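Hi,

Here is the structure I said I would pass on. Have a look at it first, and then read my notes below.

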Amino acid sequence: GSDFVKEGNMVAEVMVKALGGKAKIIELQGTVGSSPANDRASGFAEYIKAHPEMVVIASQSGDFARDKGRQVFETLYQAHPDATALYSHNDEMTMGAIAAMEAAGKVPGKDLIIGTIDGTTDAAQAIVDGKVLVCVECNPKFGPAAFAAIEKMGNGETLAVKLVNTDRVFSKDNVADYMPE
């Protein structure tokens, strides 16, 4: 599986460093009650707790959907125009939020610094374009890991109770290498 808490931690770590430990953050959460939404929220919150000037000023579910993310971000940003950053639980909502920012005449990556999770082509391109600061991959390659586990079990090896896919962090420094994938 994936370590959603760690994904939230990794986005927070990059954002804290890039923002000098100071930001007013809008958080677009995934579907209410889902493990990815709960864990990504808690992982991010856990990391920024040590940085009291990194404050989530508004948070609402965008249901992991592009258009809902756009609508929710639009509403939250109108209510909190002092926001300086966006943390989004997935790339689809991030793309919706970017559309809302641009429609409002804002410059994603300048007016609001953006951190997101998944590793989609759209998010990778948004990093290339300077709109997104960081995207943490939610590694979808479960098949190879599952077959490697089956092989190990077949060879009599003992496996951990939980096997976690390794996620990567993408930024302007390494996204070009990721784009062909």
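**Helix 5 and its surroundings**

In helix 5, which covers residues 121–128, the buried residues are A123, A124, A126 and I127. Looking down the axis of helix 5, you will see these buried residues fall within an arc of 160°, so they line one face of the helix. In general, an α-helix has 3.6 residues a turn, so residues three or four places apart point the same way.

What do the buried residues of helix 5 pack against? Their partners are helix 4 (91–103), strand 4 (113–118), strand 5 (134–137), strand 6 (169–170) and helix 7 (175–178). Just after helix 5 comes G130, with a positive phi of about 80°.

One thing to keep in mind as you click around: this is a predicted model.

**D91**

D91 belongs to helix 4. Is D91 buried or exposed? Its relative accessibility is 0%, so D91 counts as buried. Leaving out residues up to four places away in sequence, D91 touches T116, I117, D118, G119, T120, A123 and C135. A123 is also one of the buried residues of helix 5.

**S2**

S2 has a relative accessible area of 9%; the cut-off for buried is under 20%, so S2 is buried. Which residues is S2 in contact with, setting aside its neighbours within four places in sequence? They are E7, C138, N139, F142, K162 and V164.

**The chain as a whole**

Zooming out, the chain has seven helices and six strands, and along the sequence they follow the pattern α-β-α-β-α-β-α-β-α-β-α-β-α. The radius of gyration is 17 Å, close to the 16 Å that the globule rule gives for 181 residues, so the chain is as compact as a globular protein of that length. Its C-alpha trace spans about 60 × 35 × 30 Å along the principal axes.

Of the 181 residues, 42% are buried. Taking contacts between residues at least 6 apart in sequence, 77% join residues at least 24 apart. The accessible surface is about 9,100 Å², and carbon and sulfur atoms account for 54% of that. As for charges, there are 17 positive and 25 negative ones, and their mean positions lie 4 Å apart.

Cheers

Terms used:
Residues are numbered from 1 along each chain as its sequence is written. This is a predicted model: local features need pLDDT of at least 70, side-chain atom pairs count only at pLDDT 80 or more; totals for chains, interfaces and linings use all residues. Side-chain values use heavy atoms; hydrogens and water are left out. Helices (H or I, at least four residues) and strands (E, at least two) are DSSP runs, numbered from the N terminus. The radius of gyration is taken over C-alpha atoms; the globule rule is 2.2 Å times the number of residues to the power 0.38. Buried means under 20% relative accessible area, exposed over 50%, partly exposed in between (1.4 Å probe, protein chains only). Contact means heavy atoms within 4.5 Å. Accessible areas come from the Shrake-Rupley method with a 1.4 Å probe; for residues, only the protein chains shown count as cover. Lys and Arg count as positive and Asp and Glu as negative; His and the chain ends are not counted. The place of a charge is taken as NZ of Lys, CZ of Arg, CG of Asp or CD of Glu. The arc is that of the directions from the helix axis to the C-beta atoms.
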